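This report covers one predicted model.

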Amino acid sequence: MMTHAGHAMPTRAPRRRRPFLVALLAVLLAAAGIGMIGVIGFLIFLARLPVSEVTPPHDADGIVVLTGGSSRISDAMELLAVGYGKRLLISGVHPTNGVSDIQRSLPDSQPLLGCCVDLDRSAVNTRSNAVETRRWVRERGFRSLIVVTSNYHMPRAIVELSHAMPDVALIPFPVVGDKWNDEPWWASGAAMRLLVLEYAKYVAAEVRVRLDKLGLSTMVAAGDPSPGSHTRSDLSHHGVRHDVARRSGVSMN
């Protein structure tokens, strides 16, 4: 197109806004779909969590309790006392804690502590709990195991333990705190954060285990410190003292 002075006017570049908007809409729809899948998965995860403690259907060769939540150790000691297992492994005990700490918190447990309880101070997360438990099980020649941990932590614990010991029968004993049914989880910000974080860790463990079975797993799982790390992700820094101090519903560990 020519101007009155005989100069050509610059032509406008073709509009590119529509492809950009289409791409943006596709990204938003994909994000919304992933978010919806995550929400549905989280709700299914919550629906499957036990809301009450149930006596194990039968006894086992041994019992393992994973530290990090209130009343886990006391419940495991009760199971040992009534004969549900021959020995008990307390996995994830803080390096500075010992048998005397348990004796002070559970004075009636002294006879059992002297004969039938082993302490694992090496495990620092759920994955290394499984590694140390496997070592203990193999040394004892056990073929079945009652697993004691909090109800919200049980799904991930079973994923890790069953992957580490596929030939060992696992019997879950989920510990349910008093406040679990007294206060809805959605009414507490701390409980909500704990459950969302635990669900994310559970999904990460499931993915890593599936990749490992395909030979595609990395040495360190996403969001889970390596077994040699001193960072405790889901275990209490207070060790045994915190675990048996008092029973509560959902405590951040």
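## Disulfide

The torsion about the S-S bond of Cys 115 and Cys 116 is about -90°, so the disulfide is left-handed. The sulfur atoms of Cys 115 and Cys 116 lie 2.4 Å apart, and the cut-off for a disulfide is 2.5 Å. The count for the model is one disulfide.

Cys 116, with a relative accessible area of 16%, is buried.

## Secondary structure and contacts

The chain contains nine helices and five strands. Read from the N terminus, the order of elements is α-β-α-β-α-α-β-α-β-α-β-α-α-α.

Of the contacts in the chain with a separation of 6 or more, 79% are between residues 24 or more positions apart.

## Burial and surface

The chain has 253 residues, and 45% of them are buried. Its accessible surface is about 14,200 Å², with 60% belonging to carbon and sulfur atoms.

## Confidence

The average pLDDT of the chain is 79, and 78% of the residues score at least 70. Over residues 219-253, pLDDT stays under 50. Where pLDDT is low, the predicted coordinates should not be read in detail.

Methods. Residues numbered from 1 in each chain as written. Predicted model: local features only at pLDDT ≥ 70, side-chain atom pairs only at ≥ 80, totals over all residues. Heavy atoms only, no water. pLDDT = per-residue confidence, 0-100. Contact = heavy atoms within 4.5 Å. Buried < 20%, exposed > 50% of the residue type's maximum accessible area, 1.4 Å probe, protein only. Helix = DSSP H or I, 4+ residues; strand = E, 2+ residues; numbered from the N terminus. Areas by Shrake-Rupley, 256 points an atom, 1.4 Å probe, with all protein chains shown as cover.
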